[in-house]
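Subject: A structure for you to explore

Hi there,

Here is the structure I promised to pass on to you. Have a look at it first, and then read my notes below.

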Amino acid sequence: MVDIKTIVVLGAGLMGNGIAQVAIMAGYNVVMVDVKQEFIDKGMASINKGVNRLEEKGLLTAAEVLGRIKTSLDLASAVKDADMVIEAVVERMDVKKQVCKTTMDNGPSHIIYASNTSTMDITEIGEDCGAPERVSGMHFFNPVPLMRCIEVIRGDKTSDETFQITMDVAKSLPCLRGERYIAPVLKSRPGFIVNRLNAPLGIYGHYIRDLAYEKGIPWEQLDADYAILKAPMLPCVLSDYVGIDTSYYGALYYVEKLSPDFKPGKVITMMFNEKKLGRKTGQGFYDWSEGRPTPDTSIKAGLVDFDIIAAIRMNEGCRLLEEGVVKSYNVIDEANMAGMNTPGPFERGKDRYKELIKKLEEFVALTGKTYLTPCEMFKTGKFLEMA
Ligand SMILES: NC(=O)c1ccc[n+]([C@@H]2O[C@H](COP(=O)([O-])OP(=O)(O)OC[C@H]3O[C@@H](n4cnc5c(N)ncnc54)[C@H](O)[C@@H]3O)[C@@H](O)[C@H]2O)c1
């Protein structure tokens, strides 16, 4: 088995600099590569800040840790002495395929390429690189030093050795908020585990927002329905924060990959067309011109049914089991907790799954969103054997 000592982190952006930081903290030699010096400088500033803060807390010696990182603007030369590339460049298939090929063309014959793509197919990323058996996925959550989950993804051609090494490297990377949870993703399917589990909530979200709009219910009242969850941000605030365009394109991705039922709703489409994209444009569901809005949640819309939400997530988790993406529902629950800081659906839902199925069937009959029809694994209760 290859001993990983030197890692090229490709991309110095939000994810790349976080990955580089935890890699040097783990003791690896790192070369962080980007296309422009200004991106490298910004990434390095963030790493310096993070590492220095940890030194102030007495957790490490900054000079020693920072001594393990170098930077480069040239991938081809950076990979020559590397054992692994962790790639966090823009989410574009053509760019990812190209840098994967550059890695394999210029790196040593044992080099492994792991992509931090949030959506793209690992098999496709590696298909033209000449060594698809050395390509895998390593999906981190943002912010990398703080979120415990890393999903390690197996493409169709990924070798056992590559998968094992990727798992081992993932396990070795420190997390500042407790122990890392490494979720093995046995097939490269859209959204992997955590994002896929939660993706069909978009179908429900579009439905409920369109309904509130038709009824003339203000967004803060709809958000008030969710206040009970005590999440760091209410859903409409969060959508604005992330960007309405991100929700819109995210929905289109699942339309292409999974079902037309993921189609963006009327409200999101209207906001997208009118460029009311949330925080970045100053207006979305809320006005952001004075900073982050704090909606008055004293009056509830009374539209949201949490049983339907629980049922949708459980059904999608069962699909992941059915498709062979994951072997156990505990992995799904644990990955969700480690990646999103919220409980997965099985722990709470498994004892009342028949009731949830009934709710979901009623919702499908009402809306015609047949993608949400309970799958066999859910309906038959067979998932209970896959703890
Ligand atoms: N932002 C998130 O929350 C998140 C979470 C999980 C995964 N991801 C994935 O991580 C990847 C990076 O996302 P990000 O949010 O860090 O983006 P980002 O825009 O902050 O950073 C991307 C960086 O890649 C650089 N880059 C582009 N082409 C390059 C090339 N050919 N060679 C070297 N560098 C190149 C850019 O200059 C930029 O600095 C994407 O695939 C994204 O889907 C993002």
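**Before you start**

This is a predicted model, so local features need pLDDT of at least 70 and side-chain atom pairs count only at pLDDT 80 or more, while totals for chains, interfaces and linings use all residues. Residues are numbered from 1 along each chain as its sequence is written.

**The whole chain**

You will find 18 helices and 8 strands in the chain. Helices (H or I, at least four residues) and strands (E, at least two) are DSSP runs, numbered from the N terminus. The radius of gyration is 22 Å, close to the 21 Å that the globule rule gives for 387 residues, so the chain is as compact as a globular protein of that length. That radius is taken over C-alpha atoms, and the globule rule is 2.2 Å times the number of residues to the power 0.38. Along its principal axes, the C-alpha trace spans about 60 × 50 × 40 Å.

Of the 387 residues, 46% are buried. A residue is called buried if 20 or more other C-beta atoms lie within 10 Å of its own, exposed if 12 or fewer, and partly exposed in between, with C-beta atoms placed from the backbone. Among the contacts with a separation of 6 or more, 70% are between residues 24 or more positions apart. Two residues are in contact if their C-beta atoms, placed from the backbone, lie within 7 Å.

**Domains**

The chain is divided into domain 1 (6-188), domain 2 (196-281) and domain 3 (306-385); the bounds come from an automatic or database domain assignment. The C-alpha centres of domain 1 and domain 3 are 32 Å apart. Where they meet, 10 residues of domain 1 are in contact with 10 residues of domain 3. On the domain 1 side, strand S7 (149-154) and strand S8 (181-185) are the elements that give two or more residues, and S8 has the largest share with 3 residues. By class, this side has 7 nonpolar, no polar and 3 charged residues. Ala, Val, Leu, Ile, Met, Phe, Trp, Tyr, Cys and Pro count as nonpolar, Asp, Glu, Lys and Arg as charged, and the others, Gly among them, as polar.

**The core**

A nonpolar core is a set of buried Ala, Val, Leu, Ile, Met, Phe, Trp, Tyr and Cys residues joined through C-beta atoms within 7 Å. The largest one has 105 residues, and Val 9 and Ile 193 have the most contacts inside it. Helix H14 (residues 306-322) gives the largest share of this core, 9 residues. Apart from this core lies another, of 5 residues, including Val 267 and Leu 277. Not counting residues up to four places away in sequence, Val 9 touches Gly 16, Ile 19, Ala 20, Ala 23, Val 30, Met 32, Ile 86 and Ala 88.

**Around the ligand**

How many residues surround the ligand? There are 22, and the closest are Gly 11, Gly 13, Met 15, Glu 91 and Asn 142. The shell divides into 13 nonpolar, 7 polar and 2 charged residues.

**Single residues to look up**

- Asn 142 and Pro 143 are joined by a cis peptide bond, with omega about -5 degrees. Pro 143 sits in the loop between strand S6 (135-140) and S7.
- Lys 275 has a positive phi, near 60 degrees, in a residue other than glycine. Lys 275 is in the loop between helix H13 (266-273) and H14, and is exposed because 11 other C-beta atoms lie within 10 Å.
- Arg 279 also lies in the loop between H13 and H14. With 19 other C-beta atoms within 10 Å, Arg 279 is partly exposed. Not counting residues up to four places away in sequence, Arg 279 touches Asp 240, Tyr 241, Gly 284 and Trp 288.

Enjoy exploring, and write back with any questions!

Best wishes

Terms used:
Near = placed C-beta within 6 Å.
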